[in-house]
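Reader: Please walk me through this model, starting with the ligand and moving on to the helices and the backbone.

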Amino acid sequence: MASKLLGAHVKRKEDPRLITGTSQYVADIAMPGLQHVVFVRSPHAHARIRGIEAAAALRRPGVVAVVTGRDLMAHCAPLPIATVSAEGGGEDKAGVGRQHYPLSVGRVRHVGEAVAAVLATSMEAAVDGVADVQVDWEPLPAVVDPLSALADGAPQLFEDAPKNIEHTQAIKAGDPDAAFAKAHRVVKQRMISQRLSGVPLEGRAVLAAPDPATGGVVVWSTHQAPHVLRSGLAAALRLPQNQIRVIAPEVGGGFGVKFGTYPEDVTLAALARRGRVPLRWVESRVEHMMATTHGRGQVTEMEAAVDAQGRILALRMHVIADLGAYPIFTFIPDLTLMMGVGVYGVENVDLRNTCVFTNTTSVAAYRGAGRPEAAYYLERLVDCIAAELGKPPEEIRRKNFIRPDAFPYAAPTGQKYDSGEYDRALTRALELARHDELRAEQRRRVEGKDRRLLGIGMACYVEMCGFGPYESAMIRVEPSGTVTAFTGTSPHGQGHETTFAQIIADQLGVDFDEVVVRHGDTSLTPMGFGTGGSRSLVVGGSAMLRAADKVQEKARRIAATMLEAAFEDVELNDGRYQVKGMPSRSLTLGKIAERAYGEGLPSGIDPALEATEYFRPPQLVYPFGAHVAVVEVDRETGRVELRQFVSVDDCGTRISPLLVEGQVHGGIAQGVAQAVLEEVVYDSDGQLVTGSLMDYALPRADDLPSFVTGQTVTATPFNPLGAKGIGEAATIGSTPAVVNAVVDALRPFKVRHLDMPLRPERVWRAMQNGGTRAR
Ligand code: MCN
């Protein structure tokens, strides 16, 4: 019997197969005649390819072919830069000079760029074959950091991008110059949101096989958006879309980096089709660090004009964003500007960005994509304002919050915030953290010259999510009354099978266990834009709800004929379709399905019980929250220990509270890791210093305390579920909360700001310098 499942704590449908290892990832797929592909990659950040010599590799037993960029050119088009816009559609504004072939021809622009592919009968033979390929390189001067890339005389990545500028963007509103002129004080800070790597458990992987049915190709790819990849492959291979089938089987995480059309996807699809042979490439972790897109990578000047009470009269922001060499997305630094006022009612703004090519791995989406950067800058700046004015940080926040009665709120950044109650979230978070007691303990420790300093940091955030342009759902009641649903989203850890089954079970009166949700196959699912930007429930879940409503309506119509009642008198009640007020005259969905697919339907009703719906969101939605971090900093070593973490997140109506909780936990872990651990580092020649997990510091369980997670619920009016996204939210609030906490702990040393990651050495040096030279 179906129960009320929306909002219920149900266990994830996905977990039994995941925890018993019975799932199938791309690397698990067996196929007769499969050949293995390994790539020859550039050891230089910038170089010309004078020639590629493959004879030695071809002599190796098992090596079948060595394919260079020139060989591949005839079989595919060059890849455009920025193939996907924020709305999911094609952007493709790149000039010809900025396109590159999947196996680069003539020139490379970052370490790890693929220039040839070795095909072999085993992975081992392919790896050995790669070592045998001789590339005649002519190294060129490289430019690695975006500020140097902007300087006169810097090496140029693309002839049609002077000063290496890919694009600039500006948002100006009100009269910021006048506000700065009359300000009581101008508070400035330069900040860095350092480059990060996504590091999902499963790296990227592609298997491509010729499709005899269509003459095209089937591509299994660990990807967040199979339909988007299909469009990209169709363009690159110059094939009709219906000759390409993309399947994303089990996907072991993505965090934003499994998006777009990667060179490896195109290379394998083109070569499998050309050679009529199935090919697989499985990324190594070292390849992941240098050839899978990175995230963040911004340097920002922030400036606030404030009055004597701490009200922010105007904001200036200039973001210099590192895009790397071949960005898949270029709009992410624009999202930073769009969230430039955060939760504050600032009317005068002058926000700009300069997006710059460098000889590094491309920078694209990483959990939060542009919004964590904005929240970090703003929430750090608010703490700087509080410190300069000698006021508590919560007081400055409360003075500046957008008031609850101001919603819907038209922000000067052009965003239309749907609903919010920011002070409620902050108040709840401070209560949960026992803020007053913590402040008393902090004072005691300073007075007692305790070795471990206590720091309390808070951050408030709002983010934009639920990107369109639309999402799809198809629901089919099978003749037996069980339900199969198809979604255009493509989860990679989020648990959509569970949430969507909850929606369907309630709307159709079917048992949760009798619902199967399918995804990740372009030949089965309706067109969709995949999973990213915390859009899946808001957009895909709304499509699912609509499709379920449509099926329910038809089921009621059929039930009415079977129960000899008027359609208006039939309702779904506790899992049964019944005549209102007469529980004895009722039917199960199974009985109705039997009729829908069998004999006896009246002439006015078509057979079958299924519906396909697309939901186009009228606008974005804006989840928000407040986080509090409590840290202990060792005066002797500079080591930061996160003692307590409280989050209060508001994602409107929660459909699967357990899954939301999981998303919050994962988000906090990633946000904390940016604050204290993770950083992709290049040396000045563009060599990747953090090229493996020996050098790139991921968080471990013992780096994190148990989190305290609270919530407020402010529904959005802009989708039928009242839901907002949660997939990225906690990543956004946690980073500034932790940095604010560490800087708060270091107040006795007059430290004003520290750049992330807050490694012990950096913190220790700041204490030695008395804060004067703190970075
Ligand atoms: N949910 C809910 N009620 C809400 C909001 C969401 O029950 N009000 C549920 C959803 O049904 C879904 C989950 O919470 O199961 C997250 O939903 P949503 O906020 O819609 O986000 P998406 O599903 O679109 O996921 C994308 C988001 C992003 S952008 C990144 S990056 C990310 C993330 O989710 N990467 C992840 N979470 C991840 N989780 C895992 N395990 N692995 C990743 O790579």
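Reader: How many nonpolar, polar and charged residues are in the shell around the ligand?
Author: The model is predicted, with local features needing pLDDT of at least 70, side-chain atom pairs counting only at pLDDT 80 or more, and totals for chains, interfaces and linings using all residues. Residues are numbered from 1 along each chain as its sequence is written, and side-chain values use heavy atoms, with hydrogens and water left out. Ala, Val, Leu, Ile, Met, Phe, Trp, Tyr, Cys and Pro count as nonpolar, Asp, Glu, Lys and Arg as charged, and the others, Gly among them, as polar. By that scheme the shell holds eight nonpolar, 19 polar and five charged residues.

Reader: Which residues come nearest to the ligand?
Author: A residue is near if one of its heavy atoms lies within 4 Å. There are 32 residues around the ligand. Those that come nearest are Gln494, His496, Ser536, Gln663 and Ile726.

Reader: How far is the side chain of threonine 499 from an oxygen atom of the ligand?
Author: A polar contact is a pair of N or O atoms within 3.5 Å; within protein, one must be able to donate a hydrogen and the other to accept it, and residues adjacent in sequence count only if both atoms are side-chain atoms. Threonine 499 uses an N or O atom of its side chain to reach a ligand oxygen, at 2.7 Å.

Reader: What share of the ligand's accessible area does the protein cover?
Author: A nitrogen of the ligand is 2.7 Å from a backbone N or O atom of threonine 653. On its own, the ligand has 830 Å² of accessible area (Shrake-Rupley method, 1.4 Å probe; for residues, only the protein chains shown count as cover). The protein covers 95%.

Reader: Which element gives the largest share of the shell?
Author: Helices (H or I, at least four residues) and strands (E, at least two) are DSSP runs, numbered from the N terminus. α15 (496–508), α16 (536–563) and α18 (657–676) each give two or more residues. The largest share is three residues, and it comes from α18.

Reader: How do α18 and α19 lie to each other?
Author: Axes are lines fitted to C-alpha atoms, for helices over the stretch in contact, and angles run from 0 to 180 degrees between N-to-C directions. α18 and α19 (residues 729–745) pack at about 40 degrees, with axes 7 Å apart. Angles under 35 degrees count as roughly parallel, over 145 as roughly antiparallel, 65 to 115 as roughly perpendicular and the rest as oblique. The two helices, α18 and α19, are therefore oblique.
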